[in-house]
Amino acid sequence: MDRYITENQYIVDEMKQLRKLLHACPEISGEEYRTKRILMNFLADNTELELQSCGDGFYAAHRERECKKPSVVLRADYDALALPEGGAAHLCGHDGHSAALCGLALLLEGKQTGRDIFLLFQPAEETGAGAAGCTEIFTKEAVGEIYGAHNLPGVPFGQVTTRPGTFACASRGVTLILRGKATHAACPENGISPAEAVGHLLCELPVIAAPQNYSGMTLCTVIGVQMGEKAFGAAAADAQVWLTLRGEHDADLEKLYRNVIRRTGELARAYRLEFTHALQDAFPSTENDEACAEKVLKVCGGTLLETPMRWSEDFGHYLKRVPGAFFGIGSGTDHAPLHTESYEYPDNLLEPTVRAFWKLICS
């Protein structure tokens, strides 16, 4: 059966054409209307799979009469990356992920695997907003396991890699907002400036995130600071500090977050500032079930990932509900990195991705 994908050139060609079509119409998280329509139309036109809504995404159901094994969900994301200058581009490979899952749908036609299989197509992964809604699949279907994959530049082509426990870290964007009192630049003593509080905080953040205070890796990255305006007659009154917090485990991230908020509040009170904060782009840790991760390594001939990926992936929402595993598939040691302007998902990775999924559902 491993040779079937290669021997059936129709599947390979269809995946490549679909991937190029998706690549040409990138849509940002939460606005993937045309992308979703393209995928649903492709499956309706080319398969007998049953299409069902799921959160803001959908899934395609392959049902069998005699199921001796637990059902499996395989997930792909389909949003594109928002660009700083506006618009979107597929610089993370979600076009390839979705095209590969559609290729698996073609491969499933007329096959008996001994289990029900659900192909889940999810929006809004880049912002962490898509997976939570798509957990609806667990209330609509009896699901035994779930698997997902991401292409990995820098890893040898086609090499599967994963690990039991944390595959990708939890993360959370935090905006710290400090408000003081405006005054003329000639009379700073009449105002309340956030400058000293911000300076102290920036110096203390590495200590707050020091790894000895947590059970796993933690990281606090300063994304930016905005304070005052470029008006030389007015002293700064307000400031914002933008941070991305990361933790190997959800508990570590929560502890780091509380520590940052507590210390910022202390500094605000000391310097007579008002303090509020806002959260965005929240991702849970992607913590693989041990048995499912070992299954990926065994049946896919994978290699063990020694340490968790520092980036985040909202697949962790699914793993809180059912056993499963997330894994990477190498797109080449010299392939352009994710989220760079020269990145594009390699078409020749579609077939190895389908093969890995096929091995998992047949094991």
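What follows is a short chat about a predicted model of one protein chain.

Reader: How many helices and strands does the protein chain have?
Author: The chain has eleven helices and 18 strands.

Reader: And what does the C-alpha trace span along its principal axes?
Author: About 80 × 40 × 40 Å.

Reader: What share of the residues counts as buried?
Author: Of the 363 residues, 54% are buried. The accessible surface is about 16,000 Å², and 51% of that belongs to carbon and sulfur atoms.

Reader: Switching to charges. How far apart are the mean positions of the positive and negative ones?
Author: They are 3 Å apart, for 34 positive and 48 negative charges.

Reader: Back to the fold. What is the strand order in the open sheet?
Author: Eight strands make up that sheet, ordered S1-S2-S6-S3-S7-S18-S8-S17, with mixed pairing.

Reader: Which strands stand at the edges?
Author: S1 (50–54) and S17 (303–304) do. Each has a single partner strand, so one side of each lacks a neighbour in the sheet.

Reader: How do S7 and S18 run, and how many bridges join them?
Author: Strand S7, residues 145–152, and strand S18, residues 324–330, run parallel and are joined by seven bridges. In one of these pairs, Gly148 has Phe326 of S18 as its bridge partner.

Reader: Which strands does helix H11 touch?
Author: H11 (residues 350–362) packs on the sheet and touches S3 (72–77), S6 (117–122), S7, S8 (160–162) and S18. The direction of H11 makes about 150° with that of S18.

Reader: Last one: of the contacts between residues at least 6 apart in sequence, what share joins residues at least 24 apart?
Author: That share is 80%.

Terms used: Residues numbered from 1 in each chain as written. Predicted model: local features only at pLDDT ≥ 70, side-chain atom pairs only at ≥ 80, totals over all residues. Heavy atoms only, no water. Helix = DSSP H or I, 4+ residues; strand = E, 2+ residues; numbered from the N terminus. Buried < 20%, exposed > 50% of the residue type's maximum accessible area, 1.4 Å probe, protein only. Contact = heavy atoms within 4.5 Å. Areas by Shrake-Rupley, 256 points an atom, 1.4 Å probe, with all protein chains shown as cover. Lys, Arg positive; Asp, Glu negative; His and termini not counted. Charge placed at Lys NZ, Arg CZ, Asp CG, Glu CD. Pairing = 2+ DSSP bridges. Axes fitted to C-alpha atoms, helices over the stretch in contact; angles between N-to-C directions.
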